[in-house]
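I opened my notebook to get to know a structure that was new to me. Here is what I looked up, entry by entry.

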Amino acid sequence: MLEKEIEKKVCDYAKSKGFLAYKFVSPGHAFVPDRLLITPAGEAFFIEFKREGLKATSGQEREHVRFRNQNVKVFVIDNVLDGMEVIDRMDTR
């Protein structure tokens, strides 16, 4: 499955559960995660989507580490089921 298909299905699932799902772009900063999601309880986190079987690039991983060092959650998702599990886990209502 293509990255954009995984991203759409996971974001549609998140929205159906009341999450906000924003395409995240940060001009001047390469390697930022694809999506910023906000739970109904107000917790924000990021998801980097990849094609099935692919991992984050070294530049993406460096940026993810920077976020995690600031106590920001970043998930790398390469399939719909794992993405749905992240959404369910982050839904703390």
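Entry 1, ground rules. I call two strands paired if DSSP finds at least two bridges between them. Helices (H or I, at least four residues) and strands (E, at least two) are DSSP runs, numbered from the N terminus. This is a predicted model, where local features need pLDDT of at least 70 and side-chain atom pairs count only at pLDDT 80 or more, while totals for chains, interfaces and linings use all residues. Residues are numbered from 1 along each chain as its sequence is written, and side-chain values use heavy atoms, with hydrogens and water left out.

Entry 2, the sheet. I found 4 strands forming an open sheet in the order E1-E2-E3-E4, with mixed pairing. Strand E1 (20–23) and E4 stand at the edges with a single partner strand each, so one side of each has no neighbour in the sheet. From one strand to the next, the twist averages 25°; axes here are lines fitted to C-alpha atoms, for helices over the stretch in contact, and angles run from 0 to 180 degrees between N-to-C directions. As a reminder to myself, strands of a sheet pair through backbone hydrogen bonds, either parallel or antiparallel.

E1 and E2 run antiparallel and are joined by 4 bridges. I looked at lysine 23 and saw that it stands opposite arginine 35 in E2. Strand E2 (residues 35–38) also pairs with E3 in the antiparallel sense, over 4 bridges, and isoleucine 38 stands opposite alanine 44 in E3. The hairpin of E2 and E3 has 5 residues between the strands, and glycine 42 takes a positive phi near 95° there. Next, E3 and strand E4 (residues 74–77) pair in the parallel sense over 4 bridges. Phenylalanine 46 has valine 74 in E4 as its bridge partner. The chain gets from E3 to E4 through helix H2 (residues 58–69), in a right-handed β-α-β crossover. Right-handed means that, with the strands pointing away from the viewer, the path from the first strand over the helix to the second runs clockwise.

Why is strand E3 largely enclosed by the rest of the structure? Of the 6 residues of E3 (residues 44–49), 5 are buried. Buried means under 20% relative accessible area, exposed over 50%, and partly exposed in between (1.4 Å probe, protein chains only).

I found glutamate 63 in helix H2, and it is buried, with a relative accessible area of 10%. Not counting residues up to four places away in sequence, glutamate 63 touches Ala30, Phe31 and Val32; contact means heavy atoms within 4.5 Å.

Asparagine 79 lies in the loop between E4 and H3 and is buried, at a relative accessible area of 18%. Leaving out residues up to four places away in sequence, asparagine 79 touches Ile6 and Glu52. Arginine 62 is 17 residues away from asparagine 79 in sequence and 22 Å away in space, C-alpha to C-alpha.

Is aspartate 91 buried or exposed? At 19% relative accessibility, aspartate 91 counts as buried. I located aspartate 91 in the segment after helix H3 (80–90). Aspartate 91 touches Lys17, Phe19 and Pro40, again without residues up to four places away in sequence.
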